[in-house]
Amino acid sequence: MKVNELFKSELKVINMGLESFYQDMKSQDVSAIHVNWKPAAGGNEKMAALLSRMKSI
Amino acid sequence: MKVNSMVKKNAYYDSVTLMIISREMKKIEGVDEVLVGMGTELNVDLVEKLSMLTPELEEITPNDLFIAAKYDESKCTMEQLIQAFDDQINAKQDASAGDYQPPTLSSAVEHLKGANLVQISIPGRYAAQEAEDALDKGLNVMLFSDNVSVEDELKLKKKAVEKGLLMMGPDCGTAIINGVPLCFANVLSRGAIGVVGASGTGTQEVTVCIDKLGEGVSQVIGTGGRDLSEQIGGLMMSLGIDALENDPETKVIVLISKPPAPSVEKKILEKASNCKKPVVVDFIGGDAKAILEAGAIPCVSLEDAARKAVAALRGEKIADFEGFDASEDDIDAIVEKAVASLKPDQKNLRGLFTGGTLTDEAMKFLGENYKIYSNIPMTPDMAIEALDGEVKGHICLDLGEDEFTRGRPHPMIDPLTRSEFFESHVDGTTAVVLVDCVLGFGSNADPAGAVAESVNDARAKLKEEGKELVVVASVCGTDKDPQDLKKSVAALKDAGVIVMPSNMQAVRLVDRILARVSE
């Protein structure tokens, strides 16, 4: 199982959302990157759904 | 009072950052009320309730930032408030100055070679899509966000199981992977006990107790609170058990959850029964018989789960722990001293909790013996609505529930909510206040300090009536946590708080005190 590979690897974290969680990773010297996330299509949910469908095509 | 607002188009900041800034801005002289947030329906609704709705806020979108304020014009100006906001946000951004922050998950994967886990805490309505993208990229997911639909959760977990990946959450607050605490978790010694937990502070309490007993954890996998529901069918707990069974570092497995749906309980216990490693099960308040029949080890409390896991690991005798670390004589002396300090009309409990499962544990035990008003009542007639705004009788609250956290951070992040309840709910009829104090990453920098301050204020208030106050606390934390267990315990003791070694022992002590004052 892939989870068991994770247990044997160095944890490398992508953080998306609360920046304080990213700061917590940094303070523990964990390899991490913070995504400067914003709602897709300016928060227009219909447009975002359309974009997401286009991505999956 | 002047009502004014400012809207910044297409500027996104996370909700916790904005709530904390709102709170800081309220301290500015002349400010009566201020709310900083994204233009979501919920926030606009809050602004309206606070009578601060302006025409420009009616036009706002969820992608716009706003500041709404009510202030005394002779003491401050909107420009001052905007400047204060900019100063706060700049100070926060300084902490990550120079770090490249890619705009999307795809670009983050390109930049952080070998990334293997994504921690997601964006608003719920966007979270499922990002989690699915992460699973599609072969990444494990810790989904802290709530407000994700059951349908989306099922879809995500099915995909994760297919790929053999972790899909922890939605609404998953606690996990420790490879020794790294994620979201709300404590810094623990590494060891041979693996945990799969469906309840955040329940998992924190068990793992902290394991650490205090001198052992450590291999992996702590969170599932989110709905995993053991009929709809989700325990998909992540099942995967967690398999993963820990296959993990050579794990010698004993602990499962923590509120009582699961019956069909799911059967499935999980079947898995436990076939597992080659000892399995300790705490289905908080659940049926011990079924667990025993499955050849697993049932528990009477979160602390008991930790003790039994440690005993199983060490090959020691496994027995229920229903007492105290201290001797009965010492406990009697503590109870005696506490009761002697109270006046005859001081009879009531005030349980002011920040941890959901810790509240559950207190309610399940004390609720058997006393009628307690609560937002998680034992019977419908004891729901807090029945208080009709009054403060009377025994009251025990989970202050982390939605009804207390609208527009403000969870009380584990910001102790303000509990401080306010100390002011409003601790009165001359109060015999004993019971609190938790949760340390670790994610939590406030000094929750014990905040409790101590509230206790000192409450004592000063009661002193005017010639009364004392008994406060019992437990600290869910380790000496390796950023807040430091020893320092936290010392701060509480300095304020005259009785600090017990676990939540359950604090609850039992309170039960003894209440039994005496109810006589």
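Analyst: A residue is called buried under 20% relative accessible area and exposed over 50%, and partly exposed in between. D171(B), at 49% relative accessibility, therefore counts as partly exposed. The model is a predicted one, and the values that follow are computed from it.

The salt bridges come next. Side chains of opposite charge can pair when their charged atoms come close. Over all chains, the count of salt bridges comes to 33.

One of these joins D136(B) to K159(B), with 2.8 Å from N to O. D136(B) lies in helix 6 of chain B and K159(B) in helix 7 (residues 150–163) of chain B, so this pair ties together parts that are 23 residues apart in sequence. D136(B) has 42% relative accessibility and is therefore partly exposed. The pair also takes part in a network of salt bridges that links E132(B), D136(B), K155(B) and K159(B).

Helix 6 of chain B, which spans residues 124–136, also holds A134(B). A134(B) and S106(B) are separated by 28 residues in sequence, while their C-alpha atoms are 8.8 Å apart in space.

A second salt bridge is formed by R516(B) and E336(B), whose closest N and O atoms are 3.0 Å apart. This pair links distant parts of the chain, since R516(B) is in helix 19 (residues 503–517) of chain B and E336(B) is in helix 13 (residues 328–340) of chain B, 180 residues apart. Both partners count as partly exposed: R516(B) has a relative accessible area of 28%, and E336(B) has a relative accessibility of 42%.

A further salt bridge is that of K480(B) with D479(B), where 3.4 Å separates the closest N and O atoms. K480(B) is partly exposed at 35% relative accessibility, and D479(B) is partly exposed at 44%.

The wider setting is as follows. Chain B is divided into domain 1 (2–94), domain 2 (105–314) and domain 3 (328–517). Between the C-alpha centres of domain 1 and domain 2 of chain B, the distance is 38 Å.

Chain A, for its part, has 57 residues, of which 46% are buried. Its secondary structure comes to 3 helices and 2 strands, which follow the pattern α-β-α-β-α when read along the sequence. Chain A exposes about 3100 Å², and carbon and sulfur atoms supply 53% of that area.

Methods. Residues are numbered from 1 along each chain as its sequence is written. Chains are lettered from A and ligands numbered from 1 in the order in which they are written. This is a predicted model: local features need pLDDT of at least 70, side-chain atom pairs count only at pLDDT 80 or more; totals for chains, interfaces and linings use all residues. Side-chain values use heavy atoms; hydrogens and water are left out. Buried means under 20% relative accessible area, exposed over 50%, partly exposed in between (1.4 Å probe, protein chains only). Domain bounds come from an automatic or database domain assignment. Helices (H or I, at least four residues) and strands (E, at least two) are DSSP runs, numbered from the N terminus. Accessible areas come from the Shrake-Rupley method with a 1.4 Å probe; for residues, only the protein chains shown count as cover. A salt bridge is a side-chain nitrogen of Lys or Arg within 4 Å of a carboxyl oxygen of Asp or Glu.
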